[in-house]
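Here is a friendly briefing to read with the structure open beside you. Take it one topic at a time, and find each residue as you go.

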Amino acid sequence: MINIHEKTLQDLEFQTVLQQVSELCVTPLGNEKALQILPYKNEVDLKIALKLTNEYLSSFYNDNRIPNHGFDTITKEIKLLNIENTYLEVHGLKKIVSMSITVNAIVKFLKKFEDYYPNLNEFASHIEETKILIEKVDAIVDRFGDIKDNASNLLFDLRQSINKVKGKINSSFSSALNTYHNLEYLDDIRESVVENRRVLAVKAMYRRKVKGAIMGGSKTGSIVYIEPETTLQHTRELNNLEYEEQEEVIRILKEVTDLMRPFLPLLKDYQSFLIDVDVISAKAKYAKSMQAILPEFSEDKSMFLRDAYHPLLYLNNLEKKEKTFPQTIELKQDSRIIVISGPNAGGKSITLKTVGLLQVMLQSGMLIPVHERSTVCLFNRILSDIGDNQSIENHLSTYSYRLKQMNYFLKKCNKNTLFLIDEFGTGSDPELGGALAETFLEEFYHREAFGIITTHYSNLKILATELPHMINANMLFNERSLEPMFKLVVGQAGSSFTFEVAQKNGIPYSLINRAKKKIERSKVRFDATIAKLQKERSRLEKTGQSLKQNEKKKEEEADKLEEINAKIQKKLESYQELYDSNQRLIYLGQKVNDIAEKYFDNKRKRELMAELFKLVQIENSKRNKVSAKQKKARKAKEKQVKQEAEKKVNVIRKKKKAEKKKAAEAPPKPKPILKVGDRVRMHDGRAIGSIDSIEKNKANVNYGMFTTNVALDLLELVETVKK
C-alpha cells in the first residue's frame, strides 16, 4: 500500500501545483476537489487515473474534442429531494435538465469514439443515459423558464380567466381615464402604476370628485393616485385568480419533484461524474501547459528521467520568458543512491526537488514534463528532509529536528522507499555530524532504499565511491568564471570551490592562504584534486559540445554541396537537351537549304515536293504519336490547373475586398425620429406597442392591454407608421 507523508508534500510544494491545477477547473466543486488531490493508495487506481488524464490530453490534439462539461451545482436541489413534501423551483429543474443534457452528450460521445478514448468510456460506462428527466421538465416548462399554460387543464382555465379579467380591467380603466381626462381632473402624466396596479394620476384638488381607492400620492402632494371604482371589483377577482394560479403552479412543481425523487441516486452520480471530469480536464490542461507526458513504467525497480523539468520553475520561467535547464537523472538497482555535491547556487536542491515533485505528481495521477523516452516506477513511501526546519514552537534546533527526522526515516526506510535529503549532516560539528550522517547513509544503503542527497561533506563523497551501488554526482561549473552551468554530471564528486569562490568575491589572497594552513593538508589536496577533475570534466564537456557543433556544421555543408551538385546536374541535363534540339534544327535547316538550292538549279517542282514530303515523313517518324484521348487528358489537366489558379486568385480578391470594407468603417446609422403611430419597443424589452402621443421628449406607448409613459431615448423603432 502506498503512503506518502504530508510533510513530504509540504517540502516539495505540492500544494502550489494543486493550486495551479484547481485554477484550470471550470466549476467551483471541481476547484474544491482539485485542491484535495492526494497520492493514490494503490497502483491499479493510479494507473487508471494516469490513462484518463492522458486520453483527455490527447483530445486537445485531435479533431474529436470531448464535449463541454460545465454545470451549475445541484447540491441544494439534491438536499431538497431528500426532504418529503418539498418542491423544486423552475430554476432548479432547469439546472437538472442542463446537467442531464451535458452528461448524456459526454457519455454518448465517449461511446461513439471508444477507439480513441477506451479508458474514459469505461470510466463513464456506469452512468445511465436517460432522457426521462429532460422530457418531464420540458413538458411543463417553456424555454423562458415559465410554467406552460397546458401543464394542466386547471392552469389553462385559470390563465384564460385571468386574461379575460385583465381585459375587463383595461377596458374599464381606459373608460375612466377618458372620462376624467375630458373633465380635466388628471395631471399631464394621466396615469401611473402603484403596487403593480394601473392608477389615475388625479390632480389633488379633484380627488374627491374621482370615485375609487386612493393608492398613494406624489412627493410634492400635487398628484393623488386613485384606482377607479369600476376596476376595483375586477382587480379583486384578478387577485383571487392569481392566487389560485400560484397554488396550481406549486401543485404541478410538487408533482414533478415527486416524479424526480426516485432518480436522486442518478443525479448524485451525474454531479459526481462531472466533478471528476472537471478535475481530469484540469490535469490535462496543466499537462499541456508544460508539454507533460505519461512515461512508460519500468518492469524492474528503476527510473530514468530524461530532460526532466521542475514544473513550478518551468511555468514561472515561461511567464518571465527565461530559459529553464532540464536535468537527466537515473536510479536503478546498481546505482540506488546518488550523492550530489558542489558549490551552493549550482542547482543541487532544485535537482533534488525536481525528482521528488515529479514522483509525487505521477503518483497523484498527473502527467510529468520529461522526455518521451523516460521510464518511471512507483515507491510505497517518499521521505524528505529539505530546507531549514528549525522548530520555534517545540524549542528544537535545526540539528535536533533533523535527528528526529532521521529517526523517522530509520523506522520507515525499506527497499520500496525513495528518500530525499538536502544538505545531509549539517547543523552540528562537521566531524561528528559527518560521521553520524555517514552511519545513517550506510544504514539506508543496506536496507536497499533508493535516494538522492546533497552534501558538502567529504566523507560522504568518499563513501559513495567505496560502495558499489552508490554514486557521486556534481553540478557543472565554469572553471574560469565559476558561474553555474545547471547541468548534473553523474560519476564524479563535486568540489565546493570554497577558496576559489572566496577569491572571486574579493577576499585577500593572504587570508585565504592562512585559512588553507589551518586545515588538514590532505583535505585541501583531496578538495583540490576534486576541483581539478571537475575542471577537466567541464573542459571535456565543452570540447565534446564544440565537436558536435563542428560535426553538425560539416553535415549541413555536405547537404548544401549535394543540393548545389543536384542543381548543376539538372542544368547540365537541360543544356544537353537544348543543344540536341538546336543541332536537330540546324540539320533540318541545312537539308531544306540543299533542297532549295537544287530546285533553284533545275526548277523541278515534283522533285522538290517529293524531297520535302520525304523529309517531313522522316521527322514525323521520330515524334511520339499522341492519341486523341491523351490530347483530351492533357487539355483537361491544363484546364484543372487554370481553375485552381483562378480559385486562389478569387480567395485573394475576396480577402482584399473584406479588408477594404473593414477599412472603410461605415459611419453609424442616424437614430430614427419617432412619430405618433410608430410601432416601438423598449431597448431591454420584448413587448411591442404603438405611440399614442409624444409630449416633452416622452411618449405614451399603447401595449393593447395598457398604456405607459416612457422617455424617447429608451425606445427603439420596430416599424414606422404607414401613411
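**A strand on the inside**

Strand β4 (residues 223–228) is largely enclosed by the rest of the structure, because 6 of its 6 residues are buried. Buried means under 20% relative accessible area, exposed means over 50%, and partly exposed lies in between (1.4 Å probe, protein chains only). Keep in mind that this is a predicted model, where local features need pLDDT of at least 70, side-chain atom pairs count only at pLDDT 80 or more, and totals for chains, interfaces and linings use all residues. Residues are numbered from 1 along each chain as its sequence is written, and side-chain values use heavy atoms, with hydrogens and water left out.

- I223, Y225 and E227 point one way from β4, while V224, I226 and P228 point the other way, and all are buried.
- Helices (H or I, at least four residues) and strands (E, at least two) are DSSP runs, numbered from the N terminus.

**The partners of β4**

- Two strands pair if DSSP finds at least two bridges between them.
- Strand β2 (residues 197–203) pairs with β4 in the antiparallel sense over 4 bridges, and L200 has I226 as its bridge partner in β4.
- Strand β3 (residues 212–217) runs antiparallel to β4 and is joined to it by 5 bridges; here G216 stands opposite Y225.
- β3 and β4 form a hairpin with 5 residues between them, and G221 in the turn has a positive phi of about 85°.
- Strands of a sheet pair through backbone hydrogen bonds, either parallel or antiparallel.

**An open sheet of five strands**

- In the order β18-β17-β16-β15-β19, 5 strands form an open sheet with antiparallel pairing.
- β18 (707–711) and β19 stand at the edges with a single partner strand each, so one side of each has no neighbour in the sheet.
- From one strand to the next, the twist averages 45°; axes are lines fitted to C-alpha atoms, for helices over the stretch in contact, and angles run from 0 to 180 degrees between N-to-C directions.
- Within this sheet, strand β16 (residues 689–695) and strand β17 (residues 698–702) run antiparallel and are joined by 5 bridges, with S693 opposite N700 in β17.

**Salt bridges**

- How many salt bridges does a search of the whole structure find? The search finds 20, counting a side-chain nitrogen of Lys or Arg within 4 Å of a carboxyl oxygen of Asp or Glu.
- E719 forms a salt bridge with R679, their closest N and O atoms being 3.7 Å apart. This pair links distant parts of the chain, 40 residues apart, with E719 in strand β19 (residues 715–719) and R679 in strand β15 (residues 679–682).
- E719 is partly exposed at 34% relative accessible area, and R679 is partly exposed at 36%.
- K567 and E563 meet in a salt bridge (4.0 Å, N to O). They are 4 residues apart in helix α19 (residues 521–602), which means that about one helical turn separates them.
- K567 is exposed at 53%, whereas E563 is partly exposed at 49%.
- E607 and K598 meet in a salt bridge (3.4 Å, N to O), and a network of salt bridges links K598, R604, E607 and E611.

**A nonpolar patch**

- L561, I564, I568 and L572 make a nonpolar surface patch of about 400 Å².
- Patches are made of residues with over 30% relative accessible area and no salt bridge; like charges are joined within 9 Å, and nonpolar side chains (Val, Leu, Ile, Met, Phe, Trp, Tyr) within 5 Å.
- Accessible areas come from the Shrake-Rupley method with a 1.4 Å probe; for residues, only the protein chains shown count as cover.
- L561 is found in helix α19 and is exposed, at 58% relative accessibility.
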